Amino acid sequence: MKENRKEIVLEETGKFFIDIAKLVFGGIILASIMKIDINQSLLFIMGGIAVVAFAITGLSFIALSKPNK
């Protein structure tokens, strides 16, 4: 059974947002172990908010791509 274009676009967009969440998480880890003058508490708070926001957005798009049965 073929999926229509809207379902495919929503699913791929969801995967994109989840990939962005993973990249932001990795960036937080790398920035925290480097010897750069960064406020680490602000880094973890803002990065954590961004990771959660991107992950929720991605999962929402994937959920919308599934047809209701």
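Let's start at E12, which counts as partly exposed because its relative accessibility is 44% (under 20% is buried, over 50% exposed, in between partly exposed; 1.4 Å probe, protein chains only). Before going on: this is a predicted model, with local features needing pLDDT of at least 70 and side-chain atom pairs pLDDT 80 or more, while totals for chains, interfaces and linings use all residues. Numbering runs from 1 along each chain as its sequence is written, and side-chain values use heavy atoms, without hydrogens or water.

What does E12 pair with? Its partner is K15, and the closest N and O atoms of this salt bridge are 3.6 Å apart (Lys or Arg side-chain nitrogen within 4 Å of an Asp or Glu carboxyl oxygen). K15 and E12 are separated by about one helical turn, because they sit 3 residues apart in helix 1. K15 also meets E11 in a salt bridge, at 3.8 Å from N to O. That pair is 4 residues apart in helix 1, so about one helical turn separates K15 and E11 too. Put together, E11, E12 and K15 are linked in a network of salt bridges.

The structure holds 3 salt bridges, and we still have to visit D19 and K22, whose side chains meet at 3.2 Å, N to O. Both lie in helix 1, 3 residues apart, which is about one turn of the helix. D19 has a relative accessible area of 38%, so it is partly exposed; K22 reaches 53% relative accessibility, so it counts as exposed.

Now step back to the whole chain. The chain has 2 helices and 0 strands (DSSP runs: H or I, at least four residues; E, at least two). Its radius of gyration is 16 Å, well over the 11 Å that the globule rule gives for 69 residues, so the chain is more spread out than a compact globule (C-alpha atoms; 2.2 Å times residue number to the power 0.38). Along its principal axes, the C-alpha trace spans about 55 × 15 × 15 Å. Buried residues account for 22% of the 69 in the chain. Of the contacts with a separation of 6 or more, 72% join residues 24 or more positions apart (heavy atoms within 4.5 Å).

So where do the helices meet? One place to look is the largest nonpolar core, made up of A21, I28, A31, L43 and V51 (buried nonpolar residues joined through side-chain atoms within 4.5 Å). Helix 1 and helix 2 each give two or more residues to this core, and helix 1 gives the most, with 3. Leaving out residues up to four places away in sequence, I28 touches L43, F44, G47, G48 and V51. Another spot is S65 in helix 2, which counts as buried because its relative accessibility is 2%.

Finally, look at the loop between helix 1 (5-33) and helix 2 (40-65), where I38 lies. I38 counts as partly exposed because its relative accessibility is 34%. Together with F25, I29, L30, I33, M34 and I36, I38 forms a nonpolar surface patch with about 670 Å² of accessible area (over 30% relative accessible area, no salt bridge, side chains within 5 Å; Shrake-Rupley, 1.4 Å probe). The chain exposes about 5500 Å², and carbon and sulfur atoms supply 70% of that.

Methods: Patch = residues over 30% accessible without salt bridge, like charges linked within 9 Å, V, L, I, M, F, W, Y side chains within 5 Å.
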